[in-house]
Amino acid sequence: MKQLATTLLVRDASPAATEFTAEVVSDYQAFLDLEPDWNNLLQGAGIDHPFLTHEWVRTWWQCFGAGKTLHVIAVQRGGKLVAIAPMMLSKERIYGLNVRLLEFIYNKYTERFDFIVARHAPEAYRQIWRSVVSQRHLWDVIRLCQLPPGSRTLEEIPKLASEDGFLTGLWHSGDVPYLRLAGSWDSYFQSLRSKRRSNLRRRLKGLKRLGPVAHEVVRSGDRLETDLEEGMRIEAASWKGDEGTAICCSPEVREFYKRMAEIAAQRGWLLLDFLTLNGRRIAFDYCLCFGGKQYLLKTSYDPLFASYSPYHLLFSMVLQRAFEAGLEEFDFLGINDAWKLEWASEVRPHQWLYVFPHAFRARLIYRVKFGIVPWLKELRRRSKDRGNRG
């Protein structure tokens, strides 16, 4: 495949400054060749989650990238990589309009995302922005999804966009629960509500009446594919299978989690947990351990044992192991479900950042998303409040 890349040379006004270059990588092989430098930069940028590793992003692309075009901006300073903007070009209908998007390499299976920028080179944001503007003919709207709190992207891109007359908008996508693993498991468990502790003990005792109960952990091995298939079978047997959200309901999703499990096992990140009863697996989760933190990707249980809350029992064992392993944090990912908030102590708000140029189609979308839609939601809220009072 012929490489499609654009190099934009930016010169700093200061005579002592080192020259920046920004290259747009859209060829797949060139993207693969970035892996060593990409992951070195990730470590230097202090990113402690797996969703920006080259392994995750390339696996995502292999499984979900059909119909899209890579648009990875690699910024160098003095010949050294100092920033990567992992983006793609895609098309979508937004409020009835066909829109060309420049966005992160992202869908709902990636829980967190951002630009990768070296700590010592915050100026690289300007180089990313200049590259984006130079390719303005390729896109109508920029959409940067699942930016975590503290991201410099939330500060730098709106500032740079405003300087050039672009509009920006932030959309709060949700709050992600997490737990700092300070102290011991015993002290944490005693801090839970007494009713919570009592329910867990009672259900475990009831389950043990049916036979031996154990926590099984799979990290690698020749049976990894079979073990993962068993976990997906448990997930499909629950309500997720009925609603079509289980892993095995989509060939692309199934392949993604399978490939990621293989890679994560090789890297030492993988944790597949099972709760077993008489050797039968009745609850399952899929976690990654990365940067001293544990990330919960998937959970499920066999509905035949729902009265015993098998996943809650499994999770108590998973969390105990995380404490005992000396991990810093357990990140529940996803949305702030009620069951997660029974364990977690804090949440992280995540934002989607939109950038709109001075063009009719883009400005119309801006007015609808950040003007009309919030107004309609507020009207519905007020109407509901009045109904409740009546």
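**Exercise 1. Find which of the strands β12 and β13 (329–331) each supply at least two residues to the lining of the second largest pocket, then describe that pocket.**

Solution. 
Step 1. Start with the strands. Both β12 and β13 (329–331) qualify, each with at least two lining residues. Keep in mind that this is a predicted model.
Step 2. Take the volume. The second largest pocket holds about 510 Å³ of space.
Step 3. Go to its centre. The lining has 25 residues, and Ile 47, Asp 114, Pro 148, Gly 150 and Ser 151 are the closest to the centre.
Step 4. Sort the lining by class. It divides into 12 nonpolar, four polar and nine charged residues.

**Exercise 2. Describe the largest pocket: its volume, its lining and the elements that build it.**

Solution. 
Step 1. The space in the largest pocket is about 1,100 Å³.
Step 2. Count the lining: 41 residues. Those nearest the centre are Lys 240, Lys 298, Gly 334, Asp 337 and Lys 340.
Step 3. Pick the main contributor. Strand β12 gives the most, with six residues.
Step 4. Sort by class. The lining has 20 nonpolar, 13 polar and eight charged residues.
Step 5. Link back to Exercise 1. β12 also supplies at least two residues to the lining of the second largest pocket.

**Exercise 3. Trace how β5 pairs with β4 and with β7.**

Solution. 
Step 1. Begin with β4 (residues 80–94) and β5 (residues 97–104). They run antiparallel and are joined by eight bridges.
Step 2. Look at one pair. Ile 94 has Leu 97 of β5 as its bridge partner.
Step 3. Inspect the turn. β4 and β5 make a hairpin with two residues between them. One turn residue, Tyr 95, has a positive phi of about 50°.
Step 4. Move to β7 (residues 141–147). Three bridges join β7 to β5, and these two strands run parallel.
Step 5. Locate a facing pair. Val 141 in β7 stands opposite Leu 101.

**Exercise 4. Locate the largest cavity and classify its lining.**

Solution. 
Step 1. Count first. The structure has one cavity of 30 Å³ or more.
Step 2. Take its volume. The largest cavity comes to about 30 Å³.
Step 3. Name the lining. The residues are Met 87, Phe 115, Trp 129, Val 132, Ile 142, Leu 144 and Ile 157.
Step 4. Assign elements. Helix α4 (124–134) and strand β7 each supply at least two of the lining residues.
Step 5. Classify. The lining has seven nonpolar residues, with no polar and no charged ones.

**Exercise 5. Work out how α3 packs against α10, and how α4 packs against α5.**

Solution. 
Step 1. Two packed helices are described by the angle between their axes and the distance between the axes.
Step 2. Take α3 (residues 54–64) and α10. Their axes come within 9 Å and cross at roughly 155°.
Step 3. Classify the angle. Angles over 145 degrees count as roughly antiparallel, so α3 is roughly antiparallel to α10.
Step 4. α3 passes α10 in a right-handed crossing.
Step 5. Take α4 and α5 (residues 153–163). Their axes lie 10 Å apart, and the packing angle is about 50°.
Step 6. Classify again. That angle makes α4 oblique to α5.
Step 7. The crossing of α4 and α5 is right-handed.

Methods
Residues numbered from 1 in each chain as written. Predicted model: local features only at pLDDT ≥ 70, side-chain atom pairs only at ≥ 80, totals over all residues. Heavy atoms only, no water. Pairing = 2+ DSSP bridges. Helix = DSSP H or I, 4+ residues; strand = E, 2+ residues; numbered from the N terminus. 1 Å grid on protein atoms, 1.4 Å probe; cavity = no way out; pocket = protein on both sides within 12 Å on 5 of 7 lines; lining within 4 Å. Points joined across faces, edges and corners; volume = space filled by probe spheres on them. Nonpolar A, V, L, I, M, F, W, Y, C, P; charged D, E, K, R; others polar. Axes fitted to C-alpha atoms, helices over the stretch in contact; angles between N-to-C directions. Parallel < 35°, antiparallel > 145°, perpendicular 65-115°, else oblique. Left-handed = near helix turned anticlockwise from the far one by under 90°.
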